[in-house]
Structures are given as C-alpha cells and as structure tokens.
Amino acid sequence: MSTTSNPILATAAAAALLTASHAALAQDKVSLRAADYLAPTHYLIRYGVTHWIEQVTKQSNGRIEIKHFPSEQLGKAKDMLSLTQSGVADVAGIVPSFVSDRMPLSTIAELPGLYNTSCQGTRATADLMMNDGILVKQELEPNNVIVIFTLATPTYTAFSKREKLSSIDDLKGQKLRTVGGVMSQTLDKLGAVGVQMASPEIYESLARGTVEGLVYAYSPLFSGGLQKLVKSSIADVNFGGASYSYVMNKQKFSALPADVQKILLSAGQDTMAYACREADRETREAKEKVAASGVQSFPVPAAEKLRWNKVFDDVADEWVKDGAKRGKPAGAVYKAYREALAKYPD
C-alpha cells in the first residue's frame with residue numbers, strides 16, 4: 001500500500017520530510033563578513049578578532065566561516081558602524097569616539113583615571129554594553145546593533161618627540177594624536193592640542209611632524225615602530241583608554257539559527273577573557289622594550305599630582321553635564337560604570 005493512498009501515512013511522511021529539511025537547513029554553512037580599520041598586526045586584532053574567529057570556527061566545527069577584511073579594506077574607522085547598519089559587513093570593530101555623534105555615552109572608557117588594566121576596563125564595559133546593560137537600550141538598540149564582544153584598551157600614556165615630558169607645562173602647546181572626543185578634551189584642558197587620528201595614520205603624521213607626539217598604549221606604540229619617532233613619555237598618568245567593540249547588525253543576528261547565535265556570543269566571552277589578559281601582559285613587556293629603546297619616562301612631581309587630578313575630575317564633570325544638555329543620561333552611565341569598575345578590582 002502506498003503512502004499516497006493512506007492519509008495518515010502521507011501526513012507522517014510529509015512531516016518527516018519537513019523535519020529533515022529543517023535539520024539540514026540548520027546545519028547549512030554560515031558565512032559572515034567582518035570589517036576592521038586596524039591592521040592584522042595590531043594587538044586588538046591578534047588577541048581579539050583573530051582569537052574570536054578561531055573560537056567560532058572551532059566551536060562550530062567549521063560550519064561558521066568568518067571572512068575578515070582588516071586594514072580599511074571595507075572602510076575607515078568612522079565607517080565601521082555604518083557598514084554593519086547597511087549590511088556591507090555583518091560584524092565590524094568600532095571605537096565610540098569615531099562615531100561619537102551616534103554613541104556619545106559609549107565614550108565613557110575614555111575618561112581619564114577610571115580603570116587601570118585592560119581586564120578591569122573590559123569587564124566593566126561589557127557590563128554596560130551587553131545583556132541588559134544601560135548602554136544597550138541607550139545607544140546600541142537605537143543604532144540597530146548588538147555587541148558580540150568588547151575590549152578595553154590598556155590605559156594610554158603621553159609620548160613626545162621632545163627630550164623631556166614630565167609636567168603639565170611640558171605638554172602646553174604640543175599637538176598630540178588622540179582617539180578624539182574625551183581624550184582631546186582632556187588635552188585641551190592641559191594646554192595641549194588633541195588631534196583625532198586613527199591608528200593607520202599615526203606613523204606618517206609623526207614622521208612628517210603633523211603631530212609632535214601622541215597619547216597611546218605601549219603595545220601598539222612598540223608594534224607599530226613608533227618608539228623610533230618619540231623621545232620621552234610621562235609616567236604614572238592615566239589618560240584613560242578606549243573601548244573596541246565588535247558589533248553586529250541586530251536583524252542579521254536575529255535571523256541566524258539559535259545555535260549559531262550562541263556560538264558567536266560564547267566565542268565572544270572567551271575572547272574577552274583571553275584578549276584582555278594578553279593585552280595586559282604585552283603592555284608590561286612593551287613598556288620595558290620602549291624604555292630599552294631609549295625613550296625616557298619621567299615621573300610626575302608629587303606636588304603636581306593634585307593639578308592632574310583636578311583636570312581629570314573637571315573632564316568627568318563636563319562629560320556628564322554635556323550629556324545631560326543633550327538629554328542623555330550621562331550621570332546614570334557614569335555611576336553605572338564606576339560601580340562596575342568597583343566589582344572588578346585589578
């Protein structure tokens with residue numbers, strides 16, 4: 001007897017076929033495009049993005065393929081958010097200061113003197129930008145993206161082409177590269193001039209004299225050969241850092257099978273733990289290498305530390321007030337960030 005002559009058997013066969021087709025569909029290969037403005041040699045790529053891709057490949061047994069486009073192949077730093085929103089890239093690495101018109105509150109990590117290590121900053125930033133964190137509803141959902149993983153850079157130090165850099169007075173009048181936003185405002189209050197610039201532009205700008213120095217982390221300074229172009233740095237001053245987040249188009253993420261979503265986020269959690277540890281380790285090593293290369297590090301005179309602290313407090317106060325003027329809950333974000341940092345001591 002054929003199944004077509006028996007309605008019950010025919011229905012069962014159809015249901016089995018449908019189930020099999022769904023199972024096959026769920027196991028289809030998934031290919032995603034990832035965009036970056038950073039070079040593959042940058043520590044955020046080596047320890048962050050590359051590790052994430054490896055983990056995604058491993059956890060999915062090769063089912064999920066990530067095609068990576070680093071070094072501005074798909075766009076510059078300011079383009080990364082738009083690339084994910086438009087679907088040109090499925091995921092991309094963004095730094096909030098380069099899109100501060102759309103993510104002003106996410107520049108919180110750039111405030112000076114708040115976090116001390118990459119791991120402390122990463123954990124606190126993740127609290128705000130993932131799950132039910134305050135920045136999810138305030139800035140990520142309005143921009144139609146979710147965070148797959150986020151990393152806080154090691155804190156930044158000021159470096160100069162001048163022979164000595166130890167006091168606020170030594171900074172005055174100097175043009176120094178920053179990530180922009182809050183960091184540039186900090187330098188302005190110190191009497192220097194902050195020049196926003198993405199990492200790929202730094203070497204040439206320093207070599208040509210477009211800027212006289214930079215505010216940067218030790219690891220990318222050394223890996224980029226920038227220690228050859230500077231002579232001094234200022235010790236024991238925490239200029240803040242930046243958050244680097246891998247974001248994904250929310251609709252794209254929602255359309256993926258549940259198990260794929262889980263793998264992307266699981267790999268992200270693994271990446272945050274691994275990358276921040278490696279970044280902190282490499283920072284310690286890079287600091288020694290930079291010193292060995294001849295760059296002198298000058299301590300801040302004890303009598304001047306109160307001046308630095310006053311400037312940093314003023315920057316934070318203005319950040320909160322500026323946010324409030326734009327109708328943003330900057331005070332609540334600042335409070336949440338400080339509370340998150342307290343949960344994760346160095």
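A salt bridge is a side-chain nitrogen of Lys or Arg within 4 Å of a carboxyl oxygen of Asp or Glu. The model shown is predicted, so local features need pLDDT of at least 70 and side-chain atom pairs count only at pLDDT 80 or more, while totals for chains, interfaces and linings use all residues. Residues are numbered from 1 along each chain as its sequence is written, and side-chain values use heavy atoms, with hydrogens and water left out.

**View 1. A network of salt bridges links Asp169, Lys172, Glu304 and Arg307.** Within this group, the closest N and O atoms of Asp169 and Lys172 are 3.4 Å apart. Asp169 is partly exposed at 45% relative accessibility (buried is under 20% relative accessible area, exposed over 50%, partly exposed in between, with a 1.4 Å probe and protein chains only). Lys172 is partly exposed too, at 44%.

**View 2. Arg162 pairs with Glu212 in a salt bridge.** Here the closest N and O atoms are 3.2 Å apart. Arg162 sits in the loop between β5 (157-160) and α6 (168-171) and Glu212 in the loop between α8 (202-208) and β8 (213-216), so the pair ties together parts 50 residues apart in sequence. Helices (H or I, at least four residues) and strands (E, at least two) are DSSP runs, numbered from the N terminus.

**View 3. Ser232 belongs to strand β9 (residues 232-234).** Ser232 is buried, at 0% relative accessibility. A polar atom of the Ser232 side chain lies 2.8 Å from the backbone oxygen of Arg162.

Conventions: Polar contact = N/O pair within 3.5 Å; in protein donor to acceptor, adjacent residues only side chain to side chain.
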